Amino acid sequence: MSHYIALDWGSTNLRAWYYRDGDAVESRRSEAGVTRLNGRSHQQVFDEITHGWPVNAVPVVMAGMVGSNAGWKAAPYLPCPLTLDSLATQLTAAGENRWIVPGLSVSRRDNHNVMRGEETQLLGAQTLAPAELIVMPGTHSKWVKCEARRVIDFRTVMTGELHHLLLNHALIGTGLPQQQPDAAAFQRGLETGINDPSLLARLFEVRAQHLLGALAPGSVSDFLSGLLIGHEVASQAAQSALSGPVTLIASEALAQRYQAAFALLNIPLQWLAGDSAFQQGIRRIVDDLTL
């Protein structure tokens, strides 16, 4: 199927693409995520982002938090292990010719996890940059174990959210000036996080360092970022038996930070932009969609 519309509708942002003859002829962005509708309905936001596009003539496939219980219509979580190619057969209808991609879940005594939106990127990644371990950093980083096109297991690490909370709502960030980029501070934090598993003890030291003059007050954010990312990568990589390169799905800026962490551990890495992975995943779903 060569004509369709794709929406990546998350909690805080919304991205949309219109495809004609298999090519994206137009893309649009909005800050109207499902938690930022500002009194509008999902239908109104949808109409705005797709204005002028043939929404009644081509399939519309949506992924992300639009399928959560806070979204337009709740789509189920599919239990893992799961073959990613089966996503297209288990879409949730959200109107005439409109579909929402389901999320994925793991529910075991030793691991309870869910994801929404990332499953579509995973499907795209297994075409563009297949790997046994796929890492998707962000507010809630996902570490996904795959076998061929099957998702076997995944974990979530709250690295991005923890950085925000500590810097803005904890003692670590109290009284700090505006933060400035500091590559050296990030690298030092990264090395600390990778080589010392005692993260909880190290966190208070972030504040103590700048109080004692060992860390510039304007560099706390980058040092803390390095500390958290280093700990995440070291702890999660230690649990994974790697036989090949890891695929990293991230923005360029975030990818650079994680690439530095993987380099310190001598783990080969291949990078894939999030938008590229998502669009390839949607393309696969649309190709398998039976109307």
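Which residues of α7 are buried? In this predicted model, where residues are numbered from 1 along each chain as its sequence is written, local features need pLDDT of at least 70, side-chain atom pairs count only at pLDDT 80 or more, and totals for chains, interfaces and linings use all residues. Side-chain values use heavy atoms, with hydrogens and water left out. The buried set in α7 consists of A255, Y258, A261 and F262, where buried means under 20% relative accessible area, exposed over 50%, and partly exposed in between (1.4 Å probe, protein chains only). Seen down the axis of α7, these buried residues fall within an arc of 120°, so they line one face of the helix; the arc is that of the directions from the helix axis to the C-beta atoms. On the face turned away from the buried side of α7 sit the exposed residues E252 and A253.

As for naming, helices (H or I, at least four residues) and strands (E, at least two) are DSSP runs, numbered from the N terminus. Helix α7 covers residues 252-264, and its 13 residues should span 18 Å at 1.5 Å a residue; the end C-alpha atoms are 19 Å apart, which agrees. The expected span is 1.5 Å times one less than the number of residues. Just after α7, N266 takes a positive phi of about 60°.

Two other helices pack against α7. The axis of α4 (residues 183-195) comes within 10 Å of that of α7, and the two cross at roughly 45°. Axes here are lines fitted to C-alpha atoms, for helices over the stretch in contact, and angles run from 0 to 180 degrees between N-to-C directions. The α4 and α7 pair is therefore oblique: angles under 35 degrees count as roughly parallel, over 145 as roughly antiparallel, 65 to 115 as roughly perpendicular and the rest as oblique. On the α4 side, F186, Q187, L190, E191 and I194 meet R257, A260, A261 and L264 of α7, contact being heavy atoms within 4.5 Å.

Helix α6 (residues 220-237) also has its axis within 10 Å of that of α7, crossing at roughly 55°. That makes α6 oblique to α7 too. The contact joins D222, S225, I229, E232 and V233 of α6 to R257, Y258, A261 and F262 of α7. The crossing of α6 and α7 is right-handed.

Two histidines are worth a look. H42 is in helix α1 (residues 42-49) and counts as buried at 14% relative accessibility. Leaving aside neighbours within four places in sequence, H42 is in contact with W9, V34, L37, A70, G71 and W72. H210, in helix α5 (residues 199-211), is buried with a relative accessible area of 13%. Not counting residues up to four places away in sequence, H210 touches I172, L176, L215, P217 and V220.

Most residues other than glycine have a negative phi, and most peptide bonds are trans. N38, in the loop between β3 (23-30) and α1, has a positive phi near 55° and is exposed at 69% relative accessible area. A148 has a positive phi of about 55°; A148 lies in the loop between β12 (141-147) and β13 (150-157). A cis peptide bond joins C80 and P81, with omega about 5°.

Definitions and conventions
A crossing is left-handed if the near helix is turned anticlockwise from the far one by less than a right angle, and right-handed if clockwise.
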